[in-house]
Amino acid sequence: MAGKNYRIAALPGDGTGPEVIAQGIKVIEAAAKKFGFKIKFDSYDWGGTRYVNEGTIMPDDAVEILKKYNAVYLGAIGRPDVPPGILEKGILLKLRFDLDQYINLRPVKLFPGVECPLVGKTPEDIDYVVVRENSGDVYTGMGGVAMKDTPHEVATQVMVYTRAQVDRCLRFAFELARKRHTRKNPWRGLTPEDIAAGKTSQLTLCGKTNVLTYVFNLWERAFHEMAEQYPDVKINYCHVDAICMWMVKNPEWFDVIVTSNMFGDIITDLAAMTQGGMGIAAGGNINPEGLSMFEPIGGSAPKYTGKNVINPLAAVLSGAMMLDYLGEKKAAQAIEKSAAFVTSRKLKSLSAGKMGYSTEEVGDLVVKNL
Ligand code: IPM
Ligand code: MN
């Protein structure tokens with residue numbers, strides 16, 4: 001049977017974005033050859049550099065253009081000479097919203113050979129996924145300011161959630177948790193009693209029911225109602241402040257965590273550090289019924305731009321997530337395995353400039369060991 005044919009819109013973006021996306025594309029193209037499918041990338045110059053040079057971040061019909069593709073592959077957006085908010089709202093958040101990518105999926109996985117800042121923790125201990133709701137919360141942009149520049153200036157930014165938003169996010173998280181029961185270590189977060197009761201995975205809701213009593217009461221009720229349809233999934237709840245402790249002290253407790261947009265933003269930066277830093281933290285903005293966009297969690301790293309020293313593995317692994325989502329599971333797994341070989345046998349560190357290899361060489365190593 002002839003392999004499939006995919007078209008991807010690449011948005012390398014700013015700073016080190018183009019450098020890491022180039023390595024990601026190189027690895028994906030090698031995987032395509034090996035696993036017998038075709039994949040073609042069209043690159044667009046959208047982002048901060050275009051904004052500085054031409055005054056627009058992306059064209060008006062950007063979303064229409066993207067809809068012709070099977071997925072979007074994004075590097076990084078951000079420039080130190082553009083005030084905060086403009087690029088974020090103008091491209092990253094705009095695409096997430098306009099394409100209704102209501103899930104931000106962020107795997108937290110300690111790769112072999114990677115130095116973990118948590119003493120004594122091994123790859124066995126850190127292997128969970130954060131399902132960050134990606135369409136609501138304070139990100140909706142509701143609120144405003146009055147009496148600006150007076151002592152009485154008032155500003156609000158409202159935490160917004162609809163039941164429908166919460167339900168669709170929880171559905172995704174429960175389904176994901178259910179699928180993860182094939183994992184190598186099925187005991188994560190589960191006691192022998194849980195196992196005896198037929199539980200095969202665990203889903204933790206992270207919220208703040210003790211203070212945000214409207215919004216997280218909605219989440220909590222929806223969570224418990226949906227749990228009845230998933231008797232195989234053990235449910236668990238943590239306040240967001242407490243989960244920051246447990247993610248550091250006992251990451252082995254977690255399997256799948258589902259949370260709101262803002263909390264998910266914060267805890268996944270913490271989580272990324274526990275897996276060795278931004279150099280390896282991959283993510284996907286997912287619309288399960290539509291067009292998804294894959295991007296490393298880290299930013300544009302202006303300090304390292306153009307030096308061929310940034311770690312491309314986060315972009316490479318986001319590329320693997322993209323292939324997985326497209327249905328090329330074997331290729332995705334091969335990339336992940338090769339990346340694990342590279343972290344365990346080759347790299348001295350995951351940090352920019354300290355890897356013992358250049359950005360391009362790390363890409364080559366992943367290709368070579370596919
Ligand atoms: C992220 C980033 C974005 C977010 C910013 C750049 C808008 O921090 O992807 O986590 O807050 O979602
Ligand atoms: Mn963030």
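This is a predicted model: local features need pLDDT of at least 70, side-chain atom pairs count only at pLDDT 80 or more; totals for chains, interfaces and linings use all residues.
What covers the buried residues of α1? Residues are numbered from 1 along each chain as its sequence is written, chains are lettered from A and ligands numbered from 1 in the order in which they are written, and side-chain values use heavy atoms, with hydrogens and water left out.

The chain holds twelve helices and twelve strands, taken as DSSP runs (H or I, at least four residues, for helices; E, at least two, for strands) and numbered from the N terminus. Along the principal axes, its C-alpha atoms fill a box of roughly 60 × 45 × 45 Å. Of the 370 residues, 52% count as buried, that is, under 20% relative accessible area with a 1.4 Å probe and protein chains only.

Helix α1 spans residues 17–35. From first C-alpha to last, this 19-residue helix reaches 26 Å, close to the 27 Å expected at 1.5 Å a residue, where the expected span is 1.5 Å times one less than the number of residues. Its buried residues are G17, E19, V20, I21, Q23, G24, I25, V27, I28, A31 and A32. The cover over them includes the strands β1 (5–13), β2 (38–43) and β3 (71–76), together with the helices α10 (313–326), α11 (329–345) and α12 (359–368); contact here means heavy atoms within 4.5 Å. After α1 comes G36, with a positive phi near 75°.

Notes:
Buried means under 20% relative accessible area, exposed over 50%, partly exposed in between (1.4 Å probe, protein chains only).
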